[in-house]
Amino acid sequence: MTRLITSFIDGEFQSPDGARLFDKRSPVDGRVIARIAEAPQAEVDRAVQAARAALLGDWGRMPMEKRSALLHAVADEITRRFDDFVEAEMADTGQPAHVMTQVFIPRGAANFKVFADVVKNVPTESFRMDTPDGRGALNYAIRKPKGVIGVICPWNAPFLLMTWKLGPALACGNTVVVKPSEETPLTAALLGEVMAKVGVPRGVYNVVNGFGPKSTGEFITTHPKVDAITFTGETRTGTAIMKAAAEGMRDVSFELGGKNAGIVFADADFDAAVDGIFRSAFLNTGQVCLGTERVYVERPIFEHFRDALKAKAEAVRYGRPEDHHSTYGPLISQEHRDKVLGYYQRAVDEGATVVTGGGVPDMPAELKGGCWVQPTIWTGLKDDASVVREEIFGPCCHLRPFDSEDEVVALANDNVYGLSTTIWTQNLTRAHRMAERIEVGITWINSWFLRDLRTPFGGSKQSGIGREGGVHSLEFYTETRNVCVKL
Ligand code: NDP
């Protein structure tokens, strides 16, 4: 069945009459699964107006307890409609059911619950000061919502990443205008149904669909009545959005690209390290910002590790997401597949030894129209090869041996990105020492992708601006104001 997806503004789905429609194709087999109405400037204007009206109206005046309870109701309704969300996200991304049921959809519900509770438990500061008349004055800080937040999302974990922004934005009393990626509009639309059902006031949550440059995305980021912009996506896009936000001095929060290092010492729990690096390189077909595309393995175990990782990569089971035997899905689009296959070719041109993969798997006829590529491992590239330096965002990694801690720290840091790293060793003293030396926002030790939503999340260097998670999200989604009372 082909769905029709229109903007959700002021509590209602808009009419598709007169809209320019574009196709959303299944990454699994290339079939058209939805037609999407692109929101022109006028529709974005209406979404921003609705968001501002809600900010000044019901939502802005709502007591924190009630707002928090409504966000819990949103989470409960997502859980009640769990299968619908799983189905929609599988249709959009083509990723296996277990990724949706275990990670993406539960995290979406959790994102509302966690921040609904966080906002109720944050103290504000106060300072008692002396005054010449001896009576003193009391300063205290209050937190106010930033206003209308533009939320621009990528396609790789659409619901998880969108709600990671919506949870704190709404909990803090803001209203939002969201643009999902044009590749993954389905769960954002479903969330509109949820918001309406549980009674979130009209205009609090607005969704407009379309493309980025010269389209819906840019209409949001250049809109003078959007007070701040939160964005997850490529560093290059972040640069364009930052320029747009400079007009009007609007604040930005950015979660951007990565070229993350995985580091495996010879003393690591070998099987756990192979499993961990395998997941970090190939989960979600490598389309994870926190994924590992550079793997450094201590020389004594290099060959053994390479062979074990190869065996796991060759054991993935391709298939439709709803088939519970599938462990591995397609890339998101033909365009992205062309980019990844371009890097597969470039690796060979740059002198790589292809340990496994490097091409397109032989798929059954009904799946040949999908965006399939093989999980790929290389060795033998120089440290300055583009494949070792640039984010590919596909199911691939390069393995390189190392001989000392100093050497591997320098290698890990030798990149413009600084999002995350994963270190595998039984020597925890060394692991802690390295965590202080590696220039990233998140270091995992003997683990990967373990997230406590109260902790600060974000990238160093060109991987982002700002930290989100727990109270850290409040730094962006609220404005702190001081009140000084003469006593
Ligand atoms: P893009 O930067 O291509 O797109 C992200 C969003 O921005 C899309 O909705 C896109 O629209 C929109 N967009 C593009 N150009 C503009 C513009 N000029 N103005 C306003 N909006 C615009 O990223 P991808 O969707 O390709 O996502 C993959 C990237 O996201 C990778 O680099 C990955 O590392 C990063 N990422 C980072 C994370 C982190 O936490 N640090 C987490 C997840 C991903 P459309 O595509 O519809 O045209």
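What share of the contacts in the protein chain with a separation of 6 or more comes from residues 24 or more positions apart? The share is 75%, where contact means heavy atoms within 4.5 Å. Keep that in mind as you click around.

Before you start, know that this is a predicted model, in which local features need pLDDT of at least 70, side-chain atom pairs count only at pLDDT 80 or more, and totals for chains, interfaces and linings use all residues. Residues are numbered from 1 along each chain as its sequence is written, and side-chain values use heavy atoms, with hydrogens and water left out.

**Stop 1: the whole chain**

Show the protein chain as a cartoon. You are looking at 16 helices and 23 strands; helices (H or I, at least four residues) and strands (E, at least two) are DSSP runs, numbered from the N terminus. The radius of gyration, taken over C-alpha atoms, is 24 Å for the protein chain, close to the 23 Å that the globule rule gives for 487 residues, so the chain is as compact as a globular protein of that length. That rule is 2.2 Å times the number of residues to the power 0.38. Along the principal axes, the C-alpha atoms fill a box of roughly 75 × 65 × 40 Å.

Of the 487 residues, 58% are buried. Buried means under 20% relative accessible area, exposed over 50%, and partly exposed in between (1.4 Å probe, protein chains only).

**Stop 2: the annotated domain**

Select residues 17–483, which UniProt lists as "domain: Aldehyde dehydrogenase" in an unreviewed entry. UniProt positions are given in the numbering used here, feature names are shortened, and annotations may be inferred rather than shown by experiment. This span is 40% helix and 21% strand, and its end C-alpha atoms lie 50 Å apart.

**Stop 3: the ligand**

Click on the ligand next. There are 32 residues around it, of which Cys153, Glu182, Thr237, Leu256 and Glu391 come nearest; a residue is near a molecule if one of its heavy atoms lies within 4 Å of it.

- Glu391: 2.5 Å to an N or O atom in the side chain.
- Thr237: 2.6 Å to a polar side-chain atom.
- Lys179: 2.9 Å to an N or O atom in the side chain.

The ligand has 910 Å² of accessible area on its own, and the protein covers 91% of it.

**Stop 4: Glu255**

Select Glu255, which carries the UniProt annotation "active site" from an unreviewed entry. Glu255 lies in strand β12 (residues 251–255). Is Glu255 buried or exposed? Glu255 counts as buried because its relative accessibility is 7%. Its side chain joins that of Trp164 in a polar contact of 3.0 Å. A polar contact is a pair of N or O atoms within 3.5 Å; within protein, one must be able to donate a hydrogen and the other to accept it, and residues adjacent in sequence count only if both atoms are side-chain atoms. Leaving aside neighbours within four places in sequence, Glu255 is in contact with several residues, including Lys165, Phe231 and Phe457.

**Stop 5**

Find Thr163 in helix α6 (residues 158–171). Thr163 is buried because its relative accessibility is 0%. A polar atom of its side chain lies 3.1 Å from the backbone oxygen of Leu160.

Then jump to His325, in the loop between α11 (302–314) and α12 (334–349). At 57% relative accessibility, His325 counts as exposed.

**Stop 6**

Select Ser386, in helix α13 (residues 386–389). Ser386 is buried, with a relative accessible area of 11%. Which side chains make polar contacts with the side chain of Ser386? One is that of Arg346, at 2.8 Å, and another is that of Glu350, at 2.8 Å.

Finish at Asp414, in the loop between α14 (405–413) and β18 (417–418). With a relative accessible area of 40%, Asp414 is partly exposed. Leaving aside neighbours within four places in sequence, Asp414 is in contact with Arg294 and Arg389. Asp414 and Asp383 are 31 residues apart in sequence, and 9.0 Å apart in space from C-alpha to C-alpha.

Technical notes
Accessible areas come from the Shrake-Rupley method with a 1.4 Å probe; for residues, only the protein chains shown count as cover.
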